[in-house]
Number of protein chains: 2
Amino acid sequence: MTPASSPTSRLSINQWSMRSTPCEQFITAVADAGIGSVGLWRQNVAEIGLAKAAALVRDTGLRVSSLCRGGFLTATTPGDRQAALDDNRRAIDEAHELGTGVLVMVVGGLDRGQSITRVRAAIPATIAELAPYAEQAGVRLGLEPMHPMFAADRAVLSTLADALQMAAASGHQSVGVVVDTYHIWWDPQVLESIEAIGRAGRLLSYQVSDWDLPLAADPLLSRGVMGDGYIDFAELTRAVAATGYADDVETEIFNAELWAMPVAEALALVRQRFHALVAAHL
Amino acid sequence: MTPASSPTSRLSINQWSMRSTPCEQFITAVADAGIGSVGLWRQNVAEIGLAKAAALVRDTGLRVSSLCRGGFLTATTPGDRQAALDDNRRAIDEAHELGTGVLVMVVGGLDRGQSITRVRAAIPATIAELAPYAEQAGVRLGLEPMHPMFAADRAVLSTLADALQMAAASGHQSVGVVVDTYHIWWDPQVLESIEAIGRAGRLLSYQVSDWDLPLAADPLLSRGVMGDGYIDFAELTRAVAATGYADDVETEIFNAELWAMPVAEALALVRQRFHALVAAHL
């Protein structure tokens with residue numbers, strides 16, 4: 001991995017911003033565009049095989065800013081919990097092999113009838129079981145608070161403040177926080193939380209996409225390209241930069257219109273918006 | 001208004017839980033069912049006329065737990081701001097005439113390109129302009145934090161903690177907070193926020209409906225009847241009760257299935273779930 005050297009060179013393209021492009025072509029297209037970094041997903045890597053994907057990013061000279069995703073730690077039966085821990089260890093191995101230092105963790109949702117308070121309270125101990133394995137592999141676990149509209153089905157972790165509290169409660173410095181603008185832009189505590197996460201040395205990844213309306217039929221696909229929605233990227237990016245965060249900035253945009261574009265054109269659009277709205281404040 | 005005397009008698013039915021029933025028939029149906037209280041909406045009241053609606057609730061002996069809604073205080077031009085203030089004064093008059101002490105305030109959303117931080121910061125001063133007028137009318141202004149999925153288009157106010165801060169910053173004790181389970185159930189600070197709002201004497205209304213999935217095509221209509229979704233009503237209701245809150249509890253359920261039921265049947269279902277899941281913890 002070559003360290004990023006200028007604000008614009010810190011752009012990373014998450015594969016799901018170009019989800020209609022298969023993994024190998026995606027990696028090649030990013031490298032051909034002169035962009036330095038990618039965010040990868042386990043299932044897409046698996047399509048071409050871990051060894052091949054790892055070789056491809058090495059050969060193209062790309063950095064891998066993060067691997068998505070581990071987590072789903074809210075299983076209720078001992079068997080499901082053990083299966084989740086085992087799968088997370090495999091995800092840590094894959095992150096190591098791909099040469100990224102960050103595994104993004106989506107903590108998991110609820111069953112009807114469960115108390116969200118109790119489910120949340122159990123997470124730090126579960127993360128603590130994984131952390132030593134991650135540390136041996138040189139991988140940090142990035143807890144990603146998700147937008148509260150996903151609190152029931154995807155992540156009971158909804159705010160940066162709660163993510164920092166969980167990371168600290170795990171007792172491991174390798175556990176940190178992913179700041180994704182789409183999920184946290186509405187939070188009235190967002191600026192002080194980013195500062196606190198930075199001060200604690202736990203800001204592992206900064207991801208950007210916009211909050212656009214109306215919501216898509218599948219709310220997961222409602223993300224907009226920066227500039228198309230309501231998020232103030234100047235304010236959030238300056239807060240991240242002020243912590244000393246110096247790693248790549250991932251554009252993670254699940255958006256059907258972007259997926260319908262030729263990949264080179266989609267990459268150019270994302271890069272242009274990143275340059276104007278994000279890199280200018282790094 | 002007769003004060004509510006037992007947990008179950010504190011049930012209030014918000015008109016939009018029975019939205020397919022016109023206002024006059026709605027009020028009559030609630031009274032016929034032996035339920036003691038209603039939450040009304042300005043546009044439904046307007047359909048039959050304010051004087052007639054006020055006479056109807058007086059004649060049926062119903063309490064009016066709240067009037068929905070004032071607010072929309074985030075207008076950007078002086079003209080729009082003045083129009084919003086004027087409309088809010090009319091809403092206060094209507095609340096007074098209907099004999100309710102609470103006007104629910106939906107604070108308003110954003111334009112693309114605005115900073116949510118700056119829009120939020122301007123709200124307490126605007127509320128402070130209305131508060132003396134409300135005080136003269138014996139009406140309190142209830143700031144309602146809405147679910148963050150509505151932060152851009154309906155309410156930049158997303159958490160109870162922020163609502164309490166805004167209410168206090170208005171400088172008027174008549175400004176308080178509406179706790180609606182649908183909007184705030186996911187908040188990791190929800191229990192301490194309810195306690196703080198109670199301690200400040202600003203808990204004006206407790207409203208209940210469930211978070212159900214999948215989201216409806218119009219996310220506004222995704223609310224479930226208590227027990228159909230993911231919310232822990234025992235925990236939230238106990239927190240509200242612990243503050244000493246002794247007023248009505250409004251069931252505000254925007255749900256197409258409920259609207260399709262005969263009104264007497266819908267009222268019976270809501271009352272049964274209220275009794276089992278909410279009143280038991282009051």
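In chain B, B:V190, B:L191, B:I194 and B:E195 of helix α9 meet B:L236, B:A239, B:V240 and B:A242 of helix α10, contact being defined by C-beta atoms, placed from the backbone, that lie within 7 Å. By class, this contact has 7 nonpolar, no polar and 1 charged residues (Ala, Val, Leu, Ile, Met, Phe, Trp, Tyr, Cys and Pro count as nonpolar, Asp, Glu, Lys and Arg as charged, the others, Gly among them, as polar). The model is predicted: local features need pLDDT of at least 70 and side-chain atom pairs count only at pLDDT 80 or more, whereas totals for chains, interfaces and linings use all residues. Residues are numbered from 1 along each chain as its sequence is written, and chains are lettered from A and ligands numbered from 1 in the order in which they are written.

The axes of α9 (residues 190-199) and α10 (residues 233-242) of chain B come within 8 Å and cross at roughly 20 degrees (axes are lines fitted to C-alpha atoms, for helices over the stretch in contact, with angles from 0 to 180 degrees between N-to-C directions). The two helices, α9(B) and α10(B), are therefore roughly parallel to each other, a term for angles under 35 degrees.

Chain B also holds a closed barrel of 8 strands, β1-β2-β3-β4-β5-β6-β7-β10, with parallel pairing (pairing requires at least two DSSP bridges; helices, H or I, are DSSP runs of at least four residues and strands, E, of at least two, numbered from the N terminus). Neighbouring strands of this sheet are turned by 30 degrees against each other on average, direction ignored. Within chain B, β4 (residues 102-106) and β5 (residues 140-143) pair in the parallel sense over 4 bridges, and B:M105 stands opposite B:L143 in β5(B).

Note on methods:
Angles under 35 degrees count as roughly parallel, over 145 as roughly antiparallel, 65 to 115 as roughly perpendicular and the rest as oblique. Two residues are in contact if their C-beta atoms, placed from the backbone, lie within 7 Å.
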